[in-house]
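Subject: Structure handover

Hello,

Here is the structure I said I would pass on. Please open it beside this email and follow the notes below residue by residue.

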Amino acid sequence: PRCVETYQKIRSLASETLVSSSDGGRVRYTLRTFCRALSASQKMKLWRWSSLVCLKEGFALAFEGGLEESSRHDLLQCLTKNFGKSPKKLPPPKITDDKEANMILVESFPLPLGPQQPKDH
């Protein structure tokens, strides 16, 4: 229920205050965006984060892109109100699967290693 209520609140914010960074117009969120948020949250749960942290991070990932800075702030306030605060620094996910042995963590996201050595920039 909290997920659906949050989605409805975000849609309401989108029609009232959230502004796109590309054209300054209103953003439009469909059920596809909602499904992306839930899918991302489910995948993050495999990293052994709490359910509420996974939901907040998954919703942020799905809904935050393409918003101007003040709109991002409004969205994150909504997510914090509905899912609570995330820890300042999320623990890195644990990679334990053999097929994930050739992965590298980049900002807490496991990415496949390529043929060259990774470099920090």
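Thr33 has its place in helix 2. Helices here are DSSP runs of H or I with at least four residues, strands are runs of E with at least two, and both are numbered from the N terminus. With a relative accessibility of 8%, Thr33 counts as buried; buried means under 20% relative accessible area, exposed means over 50%, and partly exposed is in between, using a 1.4 Å probe and protein chains only. Residues up to four places away in sequence aside, Thr33 touches Ala62 and Phe63, where contact means heavy atoms within 4.5 Å.

**What kind of model this is**

This is a predicted model, in which local features need pLDDT of at least 70 and side-chain atom pairs count only at pLDDT 80 or more, while totals for chains, interfaces and linings use all residues. Residues are numbered from 1 along each chain as its sequence is written, and side-chain values use heavy atoms, with hydrogens and water left out.

The pLDDT is the predictor's confidence in each residue, from 0 to 100. Its mean for the protein is 84, and 82% of the residues reach 70 or more. Confidence is highest in helix 1, at 95, and lowest in strand 1 (residues 103-106), at a mean of 70.

**Overall layout**

The protein has four helices and two strands, and along the sequence they follow the pattern α-α-α-α-β-β. Of its 121 residues, 31% count as buried. Among contacts between residues at least 6 apart in sequence, 53% join residues at least 24 apart.

**Helix 3**

Helix 3 has 13 residues, and from its first C-alpha to its last it reaches 18 Å, close to the 18 Å expected at 1.5 Å a residue. The expected span is 1.5 Å times one less than the number of residues. Buried in helix 3 are Val53, Cys54, Leu55, Lys56, Gly58, Phe59, Ala60 and Phe63. What covers them includes helix 1, helix 2 and helix 4.

Gly58 lies in this helix. It is buried, with a relative accessible area of 0%. Which residues does Gly58 touch, not counting those up to four places away in sequence? They are Ala37, Ala40, Ser41 and Met44. The C-alpha atoms of Gly58 and Ala37 are separated by 4.8 Å, although the two residues are 21 apart along the chain.

**Aromatic rings**

A search of the whole structure finds six aromatic pairs. The ring centres of Phe59 and Phe63 are 5.6 Å apart and their planes are at 25 degrees, so this pair is stacked. Rings of Phe, Tyr and Trp (its six-membered ring) pair if their centres lie within 6.5 Å; planes under 30 degrees apart count as stacked, over 60 as edge-to-face and the rest as tilted. Phe59 and Phe63 are four residues apart in helix 3, about one turn of the helix. Phe59 counts as buried at 0% relative accessibility, and Phe63 is buried with a relative accessible area of 0%. Ring pairs link Tyr7, Tyr29, Phe34, Phe59, Phe63 and Phe83 into a cluster.

**Nonpolar cores**

A nonpolar core is a set of buried Ala, Val, Leu, Ile, Met, Phe, Trp, Tyr and Cys residues joined through side-chain atoms within 4.5 Å. The largest one has 19 residues, of which Ile10, Leu18, Tyr29, Phe59, Phe63 and Leu79 touch the most other members. Helix 1, helix 2 (31-45), helix 3 and helix 4 each supply at least two residues of this core. Helix 1 gives the largest share, five residues. A second, separate core of five residues includes Met44, Trp49, Val53 and Cys54.

**Helix 4**

The 15 residues of helix 4 (residues 69-83) should span 21 Å at 1.5 Å a residue, and its end C-alpha atoms are 21 Å apart, which agrees. Where do its buried residues sit around the axis? Ser71, Leu75, Cys78, Leu79, Asn82 and Phe83 are buried. They cover an arc of only 105 degrees, which puts them on the same side of helix 4; the arc is that of the directions from the helix axis to the C-beta atoms. These buried residues pack against helix 1 (2-16) and helix 3 (51-63). On the other side of helix 4, Glu69 and Lys81 are exposed. Gly84 follows helix 4, and its phi is positive, near 90 degrees.

Regards
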